[in-house]
Amino acid sequence: MEDNIMLDLRDIHKSFFIGTPNEFEVLHGLNFTVKKGEFVSIVGQSGSGKSTLMNIIGALDRPTAGEYTLDGIDIEKAKDHELSALRNKKIGFVFQTYNLIARTNALKNVELPMMYAGMGRAERTERAKMLLEEVDMTDRMHHNPDELSGGQKQRVAIARAMANDPAIILADEPTGALDSATGRMIMDIFHKLHEEQGKTIVLITHSPELSQETERIITLKDGNIIGEAAGNWNRATKEVE
Amino acid sequence: MLFTENVLVALAGLKANIMRSLLTMLGIIIGIASVIAIMTVGNSITSIVNSTMQDLGANNLEMGVMQKSRDNKASDSGENYGSGYVREMTDNDLITEDMLEAFKAEFPDDIKYILKFENVGDKGKVTEGSKSANVQIIGYNKDNFEFKDKKILAGRGFLNRDYEQAKKVCIVTDKLVERIYDGDVNKALGQEIEVNVGGIYYSYYIVGVYEYVQEQFSFGVSDNPTTELIIPYETARIANHNQNKGDYYFTLVTSVNTNNDEFATKVRDYFNINYYSRNDAYEVMVVSMTSMMNQMNTMIGAIQLALSVIAGISLVVGGIGVMNIMLVSITERTKEIGTRKALGATNGSIRLQFITESVVICLIGGIIGIVLGVVLGTVAVKLMGYEAAVSIQSIIIAVGFSMAIGIFFGYYPANKAAKLNPIDALRYE
């Protein structure tokens, strides 16, 4: 395997209700790779299987058949607690609904993954503050989620995703619940992470326009990849054409 | 580290749902409070009973002539007493002074004193002009007077001839001297004092004054307490026109090295074999204070335990309440659990989080319950007029117990949370 491959999915199948009359297959043997430092989007309408694919990429679920390697780790062979550790250290999730922990302020939310990683209190607080500063949330860090706007919550969520300096950021419709201006701001943060820190980012979206902002577009339909295309974004111009 | 974080999260959760948390804790609070209150009252009563009996003399044996039980089996504790009336007691059934002398000679190392006393009527009154003092005339034999070891403040104690010749002498308290003779002992000594006991007058010469000690468990302090006016035993018998050849009730004071339970049997056998084997109706029974005390303690302990168990049922009910609210909380927070799992929480850390939460609820409830229980118990004991004895032991047990309830009733919900599939949990709306 090449050293610069971050995600490697081979012949990934996923079925539900296995062994029952209702058994059906959602993913029918997907093959694709994502290189380190790449900004890729996976596009598809609802029902295309993109959420199922995201769960598999995020190590929240296991494929029924096929091989999946994340940063050189064979997911199939990993035990449950190893998957927990993997999600903790290798993957940064950004959800459409933010999923911040209620009654827990922004700072503590960002600290959470570091806490599960076993980092000491002082160290993780310091790092969480630094991460919040990067998303320009320093002045709101002691506020609870219910005191933050949607854009602010998503910024905190991105800071939290970066907590353990993950190999890959997995963003599921990150701008889906935001107005266009705020969505623009969130996308800019992803671009910044991609350019300045060289983060590998997988963006899952139903929106073709948004996918145009990435380097490569994988289009999903009815559980099959129906096309791969280059996006309009490129490193040289750093602009959407 | 994770632990502190869990406690903080649990506290934040409790604060966010204050009403719900309080209602959940109520079962635990009531349960722990009742157990602690019962333990406090029980312990106080036990210590009061014990110290009262201690005062009466833990080294004492109570010995008496009693009617033979129907099944002809002598009983240690005398619970068969009065199971069948045969005939009245006669002189032949009594224990005479000669018998006691022989008895003393048989067990010189074990017997320190044989106490006899005889009251002359009920409460009496000494009147001197406008001054008065309440007294109880009581006759002590020589052993009893020595044993009571009254502190003589002025004058003297009884002499042998006082006992032998049944002299009409008495020893009074400084309290009486204070009330009748303005506290002047010299004025009191040698005086003839007249006591009115229900219309009958008895008079004695004061030969001594002893220090009055208030009884430990009397209610309140009276400025005219009934004090003992002590006279020789024989004098009291004459006053009562008691012409019996002997007595039927004694207290034996044994030496410190004597095993009272064993000695009680020896004494009973000694009298019954030597004097009562042919008696058709009466025999001697001996009860040791220690065995009475133990019986009493066992009884109080059993009552206390039974009540605590009943109160403990509400703890179980409280525990079920906690379990219920934990299940609700977990359902409400399914998405949070999914998020935590996505962020890298292991099943173990999710389980620990919810068990911690349940323990925190129970522990706070337990602490409130302890405070409430101590207050209730103390108030109850104070209302009975005694000093409350709060047992630290029961508080420690209560804390441990409420934690155990938290773990026991929190485990199932916490485990359920830990086993949630992260995808299902994330998708939950």
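Reader: Which helix of chain B does B:Gly373 lie in?
Author: B:Gly373 lies in helix 12 of chain B, residues 347-383. Helices here are DSSP runs (H or I, at least four residues) and strands are runs of E (at least two), numbered from the N terminus. This is a predicted model: local features need pLDDT of at least 70, side-chain atom pairs count only at pLDDT 80 or more, and totals for chains, interfaces and linings use all residues. Residues are numbered from 1 along each chain as its sequence is written, and chains are lettered from A and ligands numbered from 1 in the order in which they are written.

Reader: Is B:Gly373 buried or exposed?
Author: B:Gly373 is buried, because 28 other C-beta atoms lie within 10 Å. The cut-offs: buried means 20 or more other C-beta atoms within 10 Å of its own, exposed means 12 or fewer, and partly exposed is in between, with C-beta atoms placed from the backbone.

Reader: What is B:Gly373 in contact with, leaving aside neighbours within four places in sequence?
Author: Its contacts include B:Ile32, B:Val35 and B:Thr40. Contact means that the C-beta atoms, placed from the backbone, lie within 7 Å. B:Thr40 is 333 residues from B:Gly373 along the chain, yet their C-alpha atoms are separated by 8.2 Å.

Reader: New topic. Where is B:Ile238 found?
Author: In helix 8 of chain B, residues 233-239. B:Ile238 is partly exposed, because 16 other C-beta atoms lie within 10 Å.

Reader: How is chain B divided?
Author: Into domain 1 (2-52 + 294-427), domain 2 (59-114 + 257-285) and domain 3 (115-239). The bounds come from an automatic or database domain assignment. The C-alpha centres of domain 1 and domain 3 of chain B lie 58 Å apart.

Reader: Now chain A. What is the strand order in the open sheet of 6 strands?
Author: The order is 6-7-8-3-9-10, with mixed pairing. Two strands pair if DSSP finds at least two bridges between them.

Reader: Which strands stand at the edges?
Author: Strand 6 (91-94) and strand 10 (224-230) of chain A. Each has a single partner strand, so one side of each is left without a neighbour in the sheet.

Reader: How do strand 6 and strand 7 of chain A pair?
Author: In the parallel sense, over 4 bridges. A:Gly92 stands opposite A:Ile169 in strand 7 of chain A.

Reader: Which strands does helix 5 of chain A touch?
Author: Helix 5 (residues 150-161) packs on the sheet, touching strand 6 and strand 7 of chain A. Its direction makes about 170 degrees with that of strand 6 of chain A. Axes are lines fitted to C-alpha atoms, for helices over the stretch in contact, and angles run from 0 to 180 degrees between N-to-C directions.

How values were computed:
Contact = placed C-beta atoms within 7 Å.
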